[in-house]
Amino acid sequence: MRDLKIPEVRHPEKARRPDNPQPKKPDWIRVRAPGGKGYQDTARIMRENKLVTVCEEAGCPNVGECWSQGHATMMIMGEVCTRACTFCNIATGKPPEALDAFEPGRVADAVAKLGLNHVVITSVDRDDVEDGGAEHFAQTIRAVRHRAPNTTIEILTPDFIKCGPEALEKVVEARPDVFNHNLETVPGLYPEVRPGARYFHSLRLLQRVKELDPSMFTKSGIMVGLGEDRQAVMQVMEDMRAADIDFLTIGQYLQPTPKHHRVDRFVHPDEFAAYEKAAYGKGFLMVSATPLTRSSYHAGDDFARLRAARNKKLGIA
């Protein structure tokens, strides 16, 4: 059995890659170590329900803050991803198990126990499953709706690149409140950073969500510090707005291990502020652009602001 705590077992495709030095983080990146009763209570509920979280698997720097407030991003469909993106710390390879039919119920139970107003549900890529896990997403959304009817639901999905159009339709028909799929980086870096994906396929996926349900909020994000330049980031913003994406997130890339893609630079907070201003100028309803921004960071508060921004645009009190 694989021990996913061992780096070369967790990322076998990266084991022979040369090491990239991990530069010292600037002061604006550093966060407190996780701990405290709230953190421990969240961890206990995750363990009792046998759930995986992207907070732990991806090594999110905000895990201490979020878990102390009872917020955790559920990661469904196992803990092994069939893709091998060079930025990501989630274990890669052939998933050892089929999808767990009882997982949607356990996710819903954890959401209810945590008393969440807003939940984010993401997953590994499961290219080994015929519909990419679309039906599993739909079942999880329905289970949460049944068990916690007042909780708003945000999903962060794979790209379903090997599936027919019906896969996306299944997920949209389950009516999550926010449909998120991250572009992750600028198109010129895809061959190195996100080799199993295609930039314009991901963009089109988000555009199709709006075509299937114009009322559904769409969201996407990128990392900076991977080697992109400002012009490329601006073009991604333009592409997202052409696809009618409502919510943009931009955060600093942090290198999980020496075998992962190198950090090109640490982007200063002033530059993030400039990106945020530019994005609002292009028409996004909601923008989060800071060094520590991640897809689900402050997602509940941001959803409330997103909904308020749409109502204001539509002239609804």
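**Contacts, core and selected residues of a predicted model**

Residues 24 or more positions apart make up 76% of the contacts in the protein chain with a separation of 6 or more.

Me: Before going further, what kind of model is this?
Reply: The model is predicted.

Me: How many helices and strands does the protein chain have?
Reply: Its secondary structure comprises twelve helices and ten strands.

Me: And what percentage of the residues count as buried?
Reply: The protein chain has 317 residues, and 54% of them count as buried.

Me: How many residues are in the largest nonpolar core, and which have the most contacts inside it?
Reply: That core has 73 residues. I121, F179, M237, M240 and I250 are those with the most contacts inside it.

Me: Which helix gives the largest share of this core?
Reply: Helix α6, residues 134–147, supplies the largest share, namely six residues.

Me: Which residues of α6 are buried, and what covers them?
Reply: A134, H136, F137, A138, T140, I141, A143 and V144 are buried. The elements covering them include β2, α5 (103–114), β5 (118–123), β6 (152–156) and α7.

Me: What does E169 touch beyond its neighbours within four places in sequence?
Reply: With those neighbours left aside, E169 is in contact with R208 and L212. The C-alpha atoms of E169 and V209 are separated by 8.1 Å, while the two residues are 40 residues apart along the chain.

Me: Changing topic to α10: how many residues has it, and how far does it reach?
Reply: Helix α10, residues 230–242, has 13 residues and reaches 19 Å from its first C-alpha to its last. That is close to the 18 Å expected at 1.5 Å a residue.

Me: Which of its residues are buried, and what do they pack against?
Reply: The buried residues in α10 are V233, M234, V236, M237, D239, M240 and R241. They pack against α9 (199–212), β8 (217–224), β9 and α11.

Me: What are the contacts of M240?
Reply: Apart from its neighbours within four places in sequence, M240 is in contact with L183, L203, S220, G221, I222, I245, L248 and F284.

Me: What follows α10?
Reply: D244 follows α10, and its phi is positive, near 65 degrees.

Me: Which other residues have a positive phi without being glycine?
Reply: M77 has a positive phi of about 75 degrees although it is not a glycine. E184 is likewise not a glycine and has a positive phi of about 75 degrees.

Me: Where do those two lie, and are they buried or exposed?
Reply: M77 lies in the loop between β2 (74–76) and β3 (80–81), and E184 lies in the loop between β7 (178–180) and α8 (190–193). M77 is buried, with a relative accessible area of 2%. E184 is also buried, because its relative accessible area of 16% is under the 20% cut-off.

Me: Next, β9 and β10. In which sense do they pair?
Reply: They pair in the parallel sense, over four bridges. I250 has A289 in β10 as its bridge partner.

Me: What unit do they make with α11?
Reply: β9, helix α11 (residues 269–281) and β10 make a right-handed β-α-β unit.

Me: Are the faces of β10 covered or uncovered?
Reply: Both faces of β10, residues 286–289, are covered. M286 and S288 are buried on one side, and V287 and A289 are buried on the other.

Me: Last one: where is Q252, and is it buried or exposed?
Reply: Q252 is in strand β9, residues 247–252. Q252 is buried, with a relative accessible area of 1%.

Me: What lies 2.8 Å from a polar atom of its side chain?
Reply: The backbone nitrogen of V267 lies at that distance from the Q252 side-chain atom. Leaving aside neighbours within four places in sequence, the contacts of Q252 include I29, V224, R265, F272, T290 and R294.

Conventions:
Residues numbered from 1 in each chain as written. Predicted model: local features only at pLDDT ≥ 70, side-chain atom pairs only at ≥ 80, totals over all residues. Heavy atoms only, no water. Core = buried A, V, L, I, M, F, W, Y, C linked by side-chain atoms within 4.5 Å. Buried < 20%, exposed > 50% of the residue type's maximum accessible area, 1.4 Å probe, protein only. Contact = heavy atoms within 4.5 Å. Polar contact = N/O pair within 3.5 Å; in protein donor to acceptor, adjacent residues only side chain to side chain. Pairing = 2+ DSSP bridges. Right-handed = clockwise from strand over helix to strand, strands pointing away. Expected span 1.5 Å × (residues − 1).
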